[in-house]
Amino acid sequence: MTGKAKPKKHTAKEIAAKVDAATTNRGGGKAGLADRSGIEKGGHAKLECPLCKVTAPDLKTMQIHHDARHPKIPFDESKLNNLHATKLVAEPSSKPKPGVRGSLKN
Ligand SMILES: [Zn+2]
């Protein structure tokens with residue numbers, strides 16, 4: 001026996017890292033691919049932070065993000081950008097993709 005295992009505590013930093021991982025799509029698997037290509041929007045990245053444009057799948061995640069990143073600003077649900085609600089039918093790709101800017105020539 002070499003010492004005893006201590007119960008792991010969740011620090012604020014650790015939670016913030018988890019929120020970051022949850023709200024940042026690093027595009028590893030199929031979900032990331034679908035998200036990047038703009039095919040699948042439903043059920044993923046529903047809300048967008050109006051302050052830093054980070055996206056979250058639901059309100060709870062967004063609130064955790066807000067508390068972690070913008071603790072001095074009161075959380076206001078109505079100020080969030082609802083990507084599902086603002087999604088226009090005529091615009092399949094509402095988000096400008098970084099790296100392809102300036103390629104909108106006719
Ligand atoms: Zn934010």
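Predicted model: local features only at pLDDT ≥ 70, side-chain atom pairs only at ≥ 80, totals over all residues.
Let me start with Leu47, which touches Thr55, Ala56, Leu59, Met62, Leu80, Asn81, Asn82 and Leu83 when residues up to four places away in sequence are not counted, a touch or contact being two residues whose C-beta atoms, placed from the backbone, lie within 7 Å. Residues are numbered from 1 along each chain as its sequence is written.

Leu47 lies in strand E1, and it counts as buried because it has 23 C-beta neighbours inside 10 Å; the cut-offs here are 20 or more other C-beta atoms within 10 Å for buried, 12 or fewer for exposed, and partly exposed in between, again with C-beta atoms placed from the backbone. The C-alpha atoms of Leu47 and Ala85 are separated by 9.5 Å, although the two residues are 38 apart along the chain.

Turning to the whole chain, there are four helices and three strands, and these elements run α-α-β-β-α-β-α from the N terminus on. Helices (H or I, at least four residues) and strands (E, at least two) are taken as DSSP runs, numbered from the N terminus. Of the 106 residues of the chain, 10% count as buried, and among contacts with a separation of 6 or more, 48% come from residues 24 or more positions apart.

Now to the sheet. The three strands form an open sheet in the order E2-E1-E3, with antiparallel pairing, where two strands pair if DSSP finds at least two bridges between them. E2 and strand E3 (81-82) stand at the edges with a single partner strand each, so one side of each is left without a neighbour in the sheet. E1 and E2 run antiparallel and are joined by two bridges, and the bridge partner of Glu48 in E2 is Thr55.

What lies in the loop between E1 and E2? Cys49 has its place there, and it is partly exposed because 18 other C-beta atoms lie within 10 Å. Cys49 touches Val54, Met62, His65, His66 and Leu80, leaving aside residues up to four places away in sequence. Gln63, in helix H3, is 9.5 Å from Cys49, C-alpha to C-alpha, and 14 residues apart from it in sequence.

Lys53 is also in the loop between strand E1 (47-48) and strand E2 (55-56), and it counts as exposed because it has 9 C-beta neighbours inside 10 Å. Its phi is near 65 degrees, a positive value in a residue other than glycine. For context, most residues other than glycine have a negative phi.

Last, the helices. Helix H1 (residues 12-23) and helix H3 (residues 59-69) pack at an angle of about 130 degrees, their axes 10 Å apart, with axes being lines fitted to C-alpha atoms, for helices over the stretch in contact, and angles running from 0 to 180 degrees between N-to-C directions. That makes H1 oblique to H3, since angles under 35 degrees count as roughly parallel, over 145 as roughly antiparallel, 65 to 115 as roughly perpendicular and the rest as oblique. The contact is made by Ile15, Ala16, Val19, Ala22 and Thr23 of H1 and by Thr61, Ile64, His65 and Ala68 of H3.
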